[in-house]
Amino acid sequence: MSAENVINEIRDSLNGRPGQPIVFGVCRTLADKLGQEPWIVRAAAIVLGLFFTFFTVAAYIVLGFALKETESRTQRFFSGLAVLIREWVEKLADALRGIFGGPERA
């Protein structure tokens with residue numbers, strides 16, 4: 001999986017398609033389980049995020065992994081994120097080697 005593929009998948013996820021979750025699908029899944037409209041759960045998540053940002057993001061990620069319907073999507077996102085971070089670290093290391101005169105990688 002290359003960084004370009006990961007970026008394209010993230011872009012597609014954020015743009016969304018009819019019936020497709022915007023990020024992990026946690027709000028829609030919770031709404032279905034609670035018998036509520038998805039917009040109510042999303043609005044609650046936004047309000048909670050404004051006041052309790054760390055808690056809300058952490059809960060969203062945990063629920064992304066915990067809910068059967070969103071688990072694979074969440075795992076794909078974080079594996080792609082790991083690829084991006086690894087490539088950025090490698091580029092930074094190469095740049096620092098160039099600045100400080102260390103051996104360059106091929």
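Which helix does Ile46 lie in? Select Ile46 in this predicted model: the residue sits in helix H3. Ile46 counts as exposed because its relative accessibility is 55%, and exposed means over 50%.

**The nonpolar patch.** Together with Ile46 they make a nonpolar surface patch of about 800 Å². Color helix H3, residues 38–51. This helix gives the most to the patch, with five residues.

**The whole chain.** Zoom out. The protein chain has five helices and zero strands, in the order α-α-α-α-α along the sequence. Of its 106 residues, 21% are buried. The accessible surface is about 7700 Å², and carbon and sulfur atoms account for 66% of that. Count contacts between residues at least 6 apart in sequence: 54% of them join residues at least 24 apart.

**The salt bridges.** There are three to visit.

- Select Lys33 and Glu69. Their closest N and O atoms are 3.5 Å apart. The pair links distant parts of the chain: Lys33 is in helix H2 (residues 26–34), and Glu69 is in the loop between helix H4 (53–66) and helix H5 (71–100), 36 residues apart. Lys33 is exposed at 52%; Glu69 is partly exposed at 45%.
- Move to Arg86 and Glu90, with closest N and O atoms 3.8 Å apart. About one helical turn separates them, because they are four residues apart in helix H5. Both are partly exposed: Glu90 at 31%, Arg86 at 44%.
- Finish on Asp94 and Arg97, where the closest N and O atoms are 2.7 Å apart. This pair is three residues apart in helix H5, so about one helical turn lies between them. Asp94 is partly exposed at 24%, as is Arg97 at 28%.

Definitions and conventions: Residues are numbered from 1 along each chain as its sequence is written. This is a predicted model: local features need pLDDT of at least 70, side-chain atom pairs count only at pLDDT 80 or more; totals for chains, interfaces and linings use all residues. Side-chain values use heavy atoms; hydrogens and water are left out. Patches are made of residues with over 30% relative accessible area and no salt bridge: like charges are joined within 9 Å, nonpolar side chains (Val, Leu, Ile, Met, Phe, Trp, Tyr) within 5 Å. Accessible areas come from the Shrake-Rupley method with a 1.4 Å probe; for residues, only the protein chains shown count as cover. A salt bridge is a side-chain nitrogen of Lys or Arg within 4 Å of a carboxyl oxygen of Asp or Glu. Helices (H or I, at least four residues) and strands (E, at least two) are DSSP runs, numbered from the N terminus. Buried means under 20% relative accessible area, exposed over 50%, partly exposed in between (1.4 Å probe, protein chains only). Contact means heavy atoms within 4.5 Å.
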